[in-house]
Amino acid sequence: MNNPAENPQKEPLLRIAKRAELPAGKIVILRLLAVVLSLVAGGIFIACMGQNPLTIYGTILSGACRSAMAFQGTVKLMIPLLITSLGVTLAFKMKFWNIGAEGQIIFGATCATFFALFCSGMNHVLLIIVMFLAGFIGGGLWGLIPAVFKVRYNTNETLFTLMLNYIALHIVSYLRDGPWMDPGSQGFPKIARFDKNASLDKFLGIQFGWLIGLLLVVIVFIYLKYTKQGYEISVVGESQDTARYAGMNVKKIILRTMFLSGGICGMAGMIQATGSDITLTTSVAGGVGFTAIIIAWLGQLNPFAILLVSFLFSVLEKGSSVVQSNYGLSTDCADVLQGIILFFILGCEFFVRYRFLFRTKVHSEKKIKAEGE
Amino acid sequence: MDMVIKFLVAAVGAGTPLLFGTVGEILTEKTGHLNLGVEGMMSIGACIGFMVGYYTDNFVFALFFAALSGALSALIYAFLTVTLMANQNVTGLTLTIFGIGFANFIGIFVLNKSPEGTLKLPEKITAAMRGIHIPGLSDLPIVGELLFSYSPFVYIGILIAGFCGYYLNRTKMGLGLKAVGENPGAADAAGIKVTAVKYRNIILGGAICGIGGVYCSMIINGGVWISDNVGGLGWIAVALVIFANWQPSAAILGSFVFGALRVLKYYIPQSIFPFPIAFYDMLPFLMTALVLVISSMRKSSRINLPAALGLNYFREER
């Protein structure tokens, strides 16, 4: 507020200024530093619980990769996380706050389950393809609902997608308690296990969803980086006015992107239901939709970085189940650590774009260094 | 008739945690910051408040530490979004995931250490939370049950909501707060300390959410600790802010209406309305979605949505 030229004494002790673009190497170092600091903070938390942080971190790493079976379990956890993160990435790139991945997963899985339960006699390959399409279209439509209201009435998409999560969840509990209840379960509310014909095949010991995930990494990368539609998404994300001025049909782009975003999440639901759970439960999404948002953000919306982050997160989750059995710390530890890591990364982004200026150093700009967190 | 009174009483009870969450979030959103971490702040408040209550057997301590922990978790959010200008949606969401994980983690940690294998609040604190009884007033037919029979939480909640309504609409500080949420640049130029106002109200909002959380852990399950005890109420509270049109006084009515929706399934005879249970569970969320759509359809000036909601304020860009 005070003009420094007129009144240098009253310059605030600490002020914030924009930074010129940092070189890529420095940004990477800054982010790594944030991760290290977050692990230190997580370590302090673990130490407060009376455990040695290094042993716990070691157990997480070794626990997730100690045997072929453990590693397969880790990859199995990764599949829905990876695919869903890629799905929300499309929407986030457009600055459309799709936090309804949870609901899109559930609804996609529900649509696919219809075919698994009632058309299980179909040719296997055909059935799987039909179920993929059902999952994709189901999730896509679930994502399209908030998009339609967004472009038509500017309805807040964050809250609307959130509400749709719970609505989808209760659709499943309705189907589970009523029309789709397993007749062989003697009144216990659950949906029947899928026929072998309707479950995903395995590839290298893991359901082949992981191949689809890897394929999607490449597809989403190319789509965002090298196609016209991908370019349109980033322009709309940066500024809708610019997009409109350039003659883009913003409404169409939002609708299309949300359909794709929801569709990919729906596919993740289908893969989880038919590949891992082999049935439909209310926990088919089980928080994946929310974790995926963290992953997408940590991966800076870059599909390859997302692949890496989602792998590390699955290691964290798988490893923390080993920590639970060995040290009695519950698996919620993984959520706590994920939260801490993202807090630090979110904070670190500030130092990529801005810096603190101290009063005494205002006139010798070059000496100013960003303060660590 | 008896059934109707029971239903209304249950609705007030079910709506109380929502009331705290909603009022807390209204204060937060009035600063222009959309904190999606309500669920997380409530969870942390639920956990810390419960544990303090469990060990000290003191109701006031439990409330105080629930509010304090809610405030501290809101401080994380405030530091990241106000000072470090991080993305509000992602920060709030992270706070939710962190908060739920933290609460469940601590809950199981303490549970494993307890000799009985369950965590149940001791006698004295349970008695302090029970419905009040004012001789004479509480014994009145109907009125006594409807107005003077609730847990102290209900009255605390209504008091806080009333106080916040007064603070927002009738005080200079509240006016400054609203100015910050509408146009931080103009508020700054008018000499309002934008950063201080944001911090103060986000933290205050977090404290109120924390009290709502401890209601979930201490009352809903009869004083026994279970994981995930907030169970999505924080999210309904975020939505209720819209339903209440950013007015704390309207939040009182709104949260009791939503409380009624939550308990409706126990009071509607299946023979008359043969809806599946899942439909009733879905109802609060369906209603919220409807409210969202309807309020966005009629773009009247009576909608109190803060104009700068979701936008971080960087002084040099104003």
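In this predicted model, K193(B) is found in the loop that lies between α9 (184-189) and α10 (194-220) of chain B. Its relative accessible area is 63%, and because a residue counts as exposed when this value is over 50%, K193(B) is classed as exposed. A second residue of chain B, A14(B), stands 179 residues from K193(B) along the chain, and the C-alpha atoms of the two are separated by 38 Å.

From here we can turn to helix α1 of chain B, which covers residues 2-30 and therefore has 29 residues. From its first C-alpha to its last, α1(B) reaches 41 Å, which is close to the 42 Å expected at 1.5 Å a residue. Of the 29 residues of α1(B), 22 are buried, so the helix is largely enclosed by the rest of the structure. After α1(B) comes G32(B), a residue whose phi is positive, with a value near 95 degrees.

Chain A can be described as a whole. It contains 13 helices and four strands, and its C-alpha atoms fill a box of roughly 80 × 60 × 35 Å along the principal axes. Among the 373 residues of chain A, 52% count as buried, while the chain exposes about 16600 Å², of which carbon and sulfur atoms supply 64%. If we consider the contacts in chain A with a separation of 6 or more, 75% of them are accounted for by residues 24 or more positions apart.

Terms used
Residues are numbered from 1 along each chain as its sequence is written. Chains are lettered from A and ligands numbered from 1 in the order in which they are written. This is a predicted model: local features need pLDDT of at least 70, side-chain atom pairs count only at pLDDT 80 or more; totals for chains, interfaces and linings use all residues. Side-chain values use heavy atoms; hydrogens and water are left out. Helices (H or I, at least four residues) and strands (E, at least two) are DSSP runs, numbered from the N terminus. Buried means under 20% relative accessible area, exposed over 50%, partly exposed in between (1.4 Å probe, protein chains only). Contact means heavy atoms within 4.5 Å. Accessible areas come from the Shrake-Rupley method with a 1.4 Å probe; for residues, only the protein chains shown count as cover. The expected span of a helix is 1.5 Å times one less than its number of residues.
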